[in-house]
Amino acid sequence: MSQKTVEKLFEEWEAVCCPICMEPPHEAILLLCSSHQKGCRAYICDNSQSNCFGRFTRSLIINEQDPSKKLVCPLCRGEVSDWTTDEPARRFMNNKPRSCTNESCEFLGTYIEILEHKKLVHTRVSQVDPQMLQKLSALKDCVNQIESARREGDDNLRRLILGSRS
């Protein structure tokens, strides 16, 4: 690949942002849409933190009830036929500096540095609000009761929902 071609690719990748989260893509996936041959390049994050690709593909699962519904490219609105990993683009985008997602944190680093930073700084059990854990536990219990009632039948579900209002 010529130096000019590499510079052009770097310039193209520098401007890329995920159309879902509007950040430089983390672990980018390249969508192959009907306009790909014409130059459309939609890169989407494919990692557990932002889960942009997962959310994007879930729309296909929702639309499976209607076979006429297809995944459409968020950039050109063309039909998405497949996706691939462009390793050089992925490495380039993962090395772009980005901010920590914690609002009160000013850390700046590459994707790998951010992952390490989050693991070391933002996942301490002591930082978890006990009241929020209690609320989360109560919410999980409620969801489990509703799910159980739904499996048993509509009457139990109505009783559970109406009973919780009184």
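The following questions and answers go through a predicted model of one protein.

Residues are numbered from 1 along each chain as its sequence is written, and side-chain values use heavy atoms, with hydrogens and water left out. Local features need pLDDT of at least 70 and side-chain atom pairs count only at pLDDT 80 or more, while totals for chains, interfaces and linings use all residues.

Trainee: How many helices and strands does the secondary structure of the protein come to?

Mentor: Helices (H or I, at least four residues) and strands (E, at least two) are DSSP runs, numbered from the N terminus. From that end on, the elements run α-β-β-α-β-α-β-β-α-α-α. The count comes to 6 helices and 5 strands.

Trainee: What share of the residues in the protein is buried?

Mentor: Buried means under 20% relative accessible area, exposed means over 50%, and partly exposed is in between, with a 1.4 Å probe and protein chains only. The protein has 166 residues, and the buried share of them is 28%.

Trainee: Are α1 and α3 parallel or oblique to each other?

Mentor: Axes are lines fitted to C-alpha atoms, for helices over the stretch in contact, and angles run from 0 to 180 degrees between N-to-C directions. The axes of α1 (residues 3–14) and α3 (residues 87–94) come within 10 Å and cross at roughly 55°. Angles under 35 degrees count as roughly parallel, over 145 as roughly antiparallel, 65 to 115 as roughly perpendicular and the rest as oblique. The two helices are therefore oblique.

Trainee: Which residues of α3 make the contact with α1?

Mentor: Contact means heavy atoms within 4.5 Å. On the α1 side the contact is made by Phe10, Trp13 and Glu14. On the α3 side the residues are Pro88, Ala89, Phe92 and Met93.

Trainee: How many of the residues in the contact of α1 with α3 are nonpolar?

Mentor: Ala, Val, Leu, Ile, Met, Phe, Trp, Tyr, Cys and Pro count as nonpolar, Asp, Glu, Lys and Arg as charged, and the others, Gly among them, as polar. The contact has 1 charged residue and no polar ones. The number of nonpolar residues is 6.

Trainee: How far apart in space are Phe92 and Trp13, C-alpha to C-alpha?

Mentor: Phe92 lies in α3 and is buried, with a relative accessible area of 19%. Leaving out residues up to four places away in sequence, Phe92 touches Phe10, Trp13 and Glu14. In sequence, Phe92 and Trp13 are 79 residues apart, and in space the C-alpha distance is 7.4 Å.

Trainee: Which elements do the buried residues of α3 pack against?

Mentor: The buried residues of α3 are Ala89, Arg90, Phe92, Met93 and Asn94. They pack against α1, β1, β2 (42–44), β4 and α4.

Trainee: Why do the buried residues of α4 lie on the same side of that helix?

Mentor: In α4 (residues 111–121), Tyr111, Ile114, His117 and Lys118 are buried. An α-helix has 3.6 residues a turn, so residues three or four places apart point the same way. On the other side of α4, Ile112 and Lys119 are exposed.

Trainee: Does His26 count as buried or exposed?

Mentor: His26 lies in the loop between α1 and β1 (29–33). Not counting residues up to four places away in sequence, His26 touches Cys45, Asp46, Asn47, Ser50, Asn94, Arg98 and Tyr111. At 13% relative accessibility, His26 counts as buried.

Trainee: What is the phi of Met22?

Mentor: Most residues other than glycine have a negative phi. Met22 has its place in the loop between α1 and β1 and is exposed, with a relative accessible area of 54%. The phi of Met22 is positive, near 65°.

Trainee: What is the phi of Glu27?

Mentor: Glu27 also has its place in the loop between α1 and β1. At 21% relative accessibility, Glu27 counts as partly exposed. The phi of Glu27 is a positive value, near 50°.
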